[in-house]
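Trainee: Could you take me closely through one part of this model, the pockets and what lines them?

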Amino acid sequence: MGVTITGTGSYVPSQIAKNEDFVNHKFLNDDGSDIKSDTKTIIRKFKAITGIDERRYVKPEFTTSDIGFLAAEKAIEDAGISKEEIDYIIVAHNFGDVVSGSNQSDVIPSIATRIKHHLRIKNPKCVAYDLIFGCPGWVEGVIQANAFIKSGIAKKCLVIGAETLSRVVDKYDRDSMIFADGAGATVIEEKKNAGEILFHESATYANEEANYLYYGKTYKPESDDPNSYIKMLGRKIYEFALTHVPAAMKSCLDNSNIPISDVKKVFLHQANEKMDEAIIQRFYQLYGINTLPNGIMPMCIKKLGNSSVATIPTLLDMVKHGELENQEIKKGDIVIFASVGAGMNVNAIVYKV
């Protein structure tokens, strides 16, 4: 018997924002001063670093709980279970429901409760709660579901990652081009002759690293805008990730007693293409390997952007259902999930499909 992922689902918003759509934006430095480069140059450099050509935004009528529900429906259907069998609904997000035209977070009731309501689950013993853990939230939700199932207090869990970051970005901040909207969901349960979570690891670095991602004011000088927006110290996050994510992945893999040669896929949080490529290279270098296996790291950031907690479950769903060219996973494959984000939190799972 192993705790395994039996169903996946995702919601990819239909509205596409291409890089060229930002050409008339006025981007500023964090002190409010003008960036010396013209906007076309800013966008070109952004593409070179992040790998992002376009990102997806939700339509005005949707919120985080709406798209989380849509992804959840697909995962439940994919798993072939009754929604009334679900013992826990764990929803990873960071900003709650943010209605169009506002950036105020709404988390009362919780996003998980709202999704349970949308699913029309009648069973009161289906416990619904939110998980705030930065971008690694979905991975941490899977870790918690694994613990619930192994302890015997749950048989089936629904773990969702959903976010609408387009509503909490400062349009004067060039980093706003990174962020996107989306939702991914998974059904986790214990089954015979199925996949298995072999080992997991999590860590929080909350000293000088605590505020590498934070909520801050607009970069527009002398603005009377009272709202706060997602902000990040990109260089510090990059350096942090390159140190701590490969180390967490290696520790997790070594503790699972699986050799590096058996790893078929690494599903990294789709944060930044250059950063993810550096992470996977550093990870293999820890084992003395300088040449990466072909196709080891699926990527969807080029077209979908960074949707925080939704990136890994969305990527997993796409690969599982053959939606990424030359990417597949098969029964028995060893894969690694790993993420890094606000907190600063890092986690990893070694999983046998």
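**The pockets and their linings**

Mentor: In this predicted model, about 260 Å³ of space lies in the second largest pocket. Of the 16 residues that line the second largest pocket, those closest to its centre are Thr-4, Ile-5, Lys-320, Tyr-351 and Val-353. Two elements, strand S1 (2-11) and helix H8 (311-320), each give two or more residues to this lining, and S1 gives the most, with five residues.

The largest pocket has a volume of about 1,100 Å³, and of the 44 residues that line it, the closest to its centre are Asp-175, Ile-178, Met-232, Leu-233 and Gly-234. At least two lining residues come from each of helix H1 (39-50), strand S9 (213-216), strand S10 (229-232), H5, H6 and strand S12 (334-341), with H1 giving the most, five residues. The lining of the largest pocket divides into 24 nonpolar, 13 polar and seven charged residues.

Two of the contributors to the lining of the largest pocket, H5 and H6, also pack against each other: helix H5 (residues 234-255) and helix H6 (residues 273-285) meet at an angle of about 40 degrees, with their axes 9 Å apart. That angle makes H5 oblique to H6, and the crossing of the two helices is right-handed. In their contact, H5 residues including Ile-237, Leu-242 and Lys-250 meet a set in H6 that includes Lys-274, Ile-279 and Phe-283. The residues of this contact of H5 with H6 divide into 12 nonpolar, no polar and three charged.

Key: Residues are numbered from 1 along each chain as its sequence is written. This is a predicted model: local features need pLDDT of at least 70, side-chain atom pairs count only at pLDDT 80 or more; totals for chains, interfaces and linings use all residues. Side-chain values use heavy atoms; hydrogens and water are left out. Axes are lines fitted to C-alpha atoms, for helices over the stretch in contact, and angles run from 0 to 180 degrees between N-to-C directions. Helices (H or I, at least four residues) and strands (E, at least two) are DSSP runs, numbered from the N terminus. Angles under 35 degrees count as roughly parallel, over 145 as roughly antiparallel, 65 to 115 as roughly perpendicular and the rest as oblique. A crossing is left-handed if the near helix is turned anticlockwise from the far one by less than a right angle, and right-handed if clockwise. Contact means heavy atoms within 4.5 Å. Ala, Val, Leu, Ile, Met, Phe, Trp, Tyr, Cys and Pro count as nonpolar, Asp, Glu, Lys and Arg as charged, and the others, Gly among them, as polar. On a 1 Å grid over the protein atoms alone, a cavity is a set of points where a 1.4 Å probe fits but cannot get out, and a pocket is an open set with protein on both sides within 12 Å along at least five of seven lines; lining residues have an atom within 4 Å of a point. Grid points are joined across faces, edges and corners, and a volume is the space filled by probe spheres set on the points.
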